[in-house]
Amino acid sequence: MTTVPLTIPALGDRFARELPELAVAWRAEEAPDPRLLLLNEALAGELGFDPLFLRSPEGVRLLLGTALPDGAAPVAQAYAGHQFGSYSPRLGDGRALLLGEIADAEGRLRDLHLKGSGRTPFARGGDGLAVVGPMLREYVVSEAMHALGVPTTRSLAVVATGRTVRREGLLPGAVLARVASSHLRVGSFQYARNTGDLGLLRRLADHVIDRHHPAAADAQRPYLALFDAVVAAQASLVAEWMLVGFVHGVMNTDNMTISGETIDYGPCAFIEAFDPAIVYSSIDDAGRYSYGNQPIAAEWNLARLGEALLPLLDERPEQAIELATASLGAFRTRYSAAWAAGIRAKIGLPDDDHAESSALVDDLFALLQKDRVDYTSFFRHLATAARGDAAPARGMFGDRTAFDEWLTRWLARAPDAASMDRTNPVYIPRNHLVEEALGAAGHGDLAPCEELLDVLARPYQARPGLDRYAAPAPADFGPYQTFCGT
Ligand code: AMP
Ligand code: MG
């Protein structure tokens with residue numbers, strides 16, 4: 001028998017070395033009875049892990065953070081954050097650990113990070129733990145986002161710990177292993193600024209420029225260029241969320257990355273019946289993070305980042321504010337341009353400034369909202385209409401006369417059905433499908449989760465036999481509610 005060489009990539013400590021003020025050396029808690037529930041073999045491969053190793057008892061202990069390769073120095077990261085508008089100077093990883101950075105197959109540095117690995121000095125009142133259901137949910141939704149082409153943290157594995165966790169009742173515990181280009185957030189800058197240590201703030205900015213926005217280093221004002229780059233990355237990210245119908249649900253400044261990746265899949269959901277005011281999170285009574293408010297929430301968070309960066313922008317406070325304000329001003333233009341280009345692609349029209357395209361988009365959204373049309377399947381049905389069969393799209397509207405009028409105008413602009421199919425997903429992690437898969441997992445059956453992951457891995461390609469994955473939730477499902485701090 002040939003033995004497979006077991007490769008374990010090195011876990012670097014660059015973050016902890018360069019920014020010790022933001023790192024507390026810490027260890028993961030032992031798990032009484034670990035069981036690997038999901039492993040992302042493709043991602044494991046990208047990182048240089050042998051999937052066979054990660055499935056072994058030793059590998060599972062690595063995924064729990066309890067047996068690490070030599071040289072690894074796990075840390076809990078410190079950060080601050082505005083949560084629903086109010087500032088907490090010290091949040092940090094209460095139940096998470098950065099195991100270290102791995103240079104992937106393309107030489108990019110990726111954080112390997114755990115969620116649910118036990119209490120840390122940042123735990124405040126929390127138990128430091130996570131539960132199987134929500135960790136599987138983060139795995140499924142983040143991998144779906146990746147397949148949709150939306151920048152996001154990735155999920156490497158979910159390991160059940162065998163520990164019981166007290167929530168509303170007793171639930172099985174789990175650890176999620178997640179991968180990101182880094183876990184630095186708006187809240188990391190808020191924390192550094194709040195220490196009053198300008199040297200730390202500058203070191204953090206330099207670290208981030210080098211890891212995420214290297215072009216800023218060559219700019220005349222590198223820290224302003226860094227802010228410009230984050231504004232641009234977030235404008236583009238939130239436009240992608242809006243285009244694909246994603247509601248993050250908890251856009252606090254500690255949940256907004258500097259890299260422009262989506263992070264922290266807590267109370268997130270995908271919209272179905274189109275309604276800009278929709279909120280899924282059980283605690284978001286005021287609709288601060290509703291679907292339609294996401295661009296405003298992102299801009300608000302970026303203003304907090306700008307404030308944190310002020311001393312680096314110019315020694316003269318007035319000038320610094322002026323520079324930050326001008327840079328932040330680009331958010332709206334960039335967001336609108338990204339969204340407009342994306343929505344034209346979704347309806348198959350060329351990306352030009354044709355006034356009729358904008359009018360068509362505005363009128364379409366009024367119709368979608370009026371009849372609360374299923375957002376995702378509408379655009380696929382619209383491509384069918386471009387191919388000559390308008391019945392499926394027409395059938396989605398109560399006011400067919402208004403839709404027919406719109407359709408005539410739209411068809412006159414010769415939409416490109418093939419390009420529509422490349423940008424409009426057939427399969428998204430619909431809320432009822434995710435719940436169904438998690439329900440089965442709760443009874444020990446992971447097959448529905450694996451199957452859902454397989455469907456969501458190729459979201460733009462309609463495949464026979466998968467109709468039920470493309471259909472909206474049955475009428476008796478919902479209203480759907482999601483939860484934080486799971
Ligand atoms: P989130 O909204 O999930 O990003 O979490 C906000 C903050 O609460 C972060 O600092 C988390 O580390 C912390 N946190 C959430 N759940 C727990 C928990 N069960 N134990 C300790 N800290 C937690
Ligand atoms: Mg968070």
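Start by selecting Val186, Gly187, Ser188, Phe189, Gln190, Tyr191 and Ala192, the buried residues of helix 6 (buried is under 20% relative accessible area with a 1.4 Å probe, protein chains only; helices are DSSP runs of H or I, at least four residues, and strands are E runs of at least two, numbered from the N terminus). This is a predicted model, where local features need pLDDT of at least 70, side-chain atom pairs count only at pLDDT 80 or more, and totals for chains, interfaces and linings use all residues. Residues are numbered from 1 along each chain, chains are lettered from A and ligands numbered from 1 as written, and side-chain values use heavy atoms, without hydrogens and water.

Now show all of helix 6, residues 186-194: seven of the nine are buried, so the rest of the structure largely encloses it. Bring up what covers those buried residues, including strand 4 (81-83), strand 5 (86-88), helix 7 (198-211), helix 8 (222-244) and helix 9 (294-313). Past helix 6, click on Gly196, whose phi is positive, near 80 degrees.

Next stop, the metal. Pick the magnesium ion (ligand 2): Asn255 (OD1) and Asp264 (OD) coordinate it at 1.8 to 2.1 Å (donors are N, O and S atoms within 2.8 Å of the metal, or 3.2 Å for Na, K and Ca; water is not among the atoms, so sites may look incomplete). Both Asn255 and Asp264 are buried.

Select Gln234, Leu237, Trp241, His248, Met251, Asn255, Met256, Thr257, Glu261, Thr262 and Ile263, and you have the lining of the largest cavity.

Technical notes. Buried means under 20% relative accessible area, exposed over 50%, partly exposed in between (1.4 Å probe, protein chains only). Contact means heavy atoms within 4.5 Å. On a 1 Å grid over the protein atoms alone, a cavity is a set of points where a 1.4 Å probe fits but cannot get out, and a pocket is an open set with protein on both sides within 12 Å along at least five of seven lines; lining residues have an atom within 4 Å of a point.
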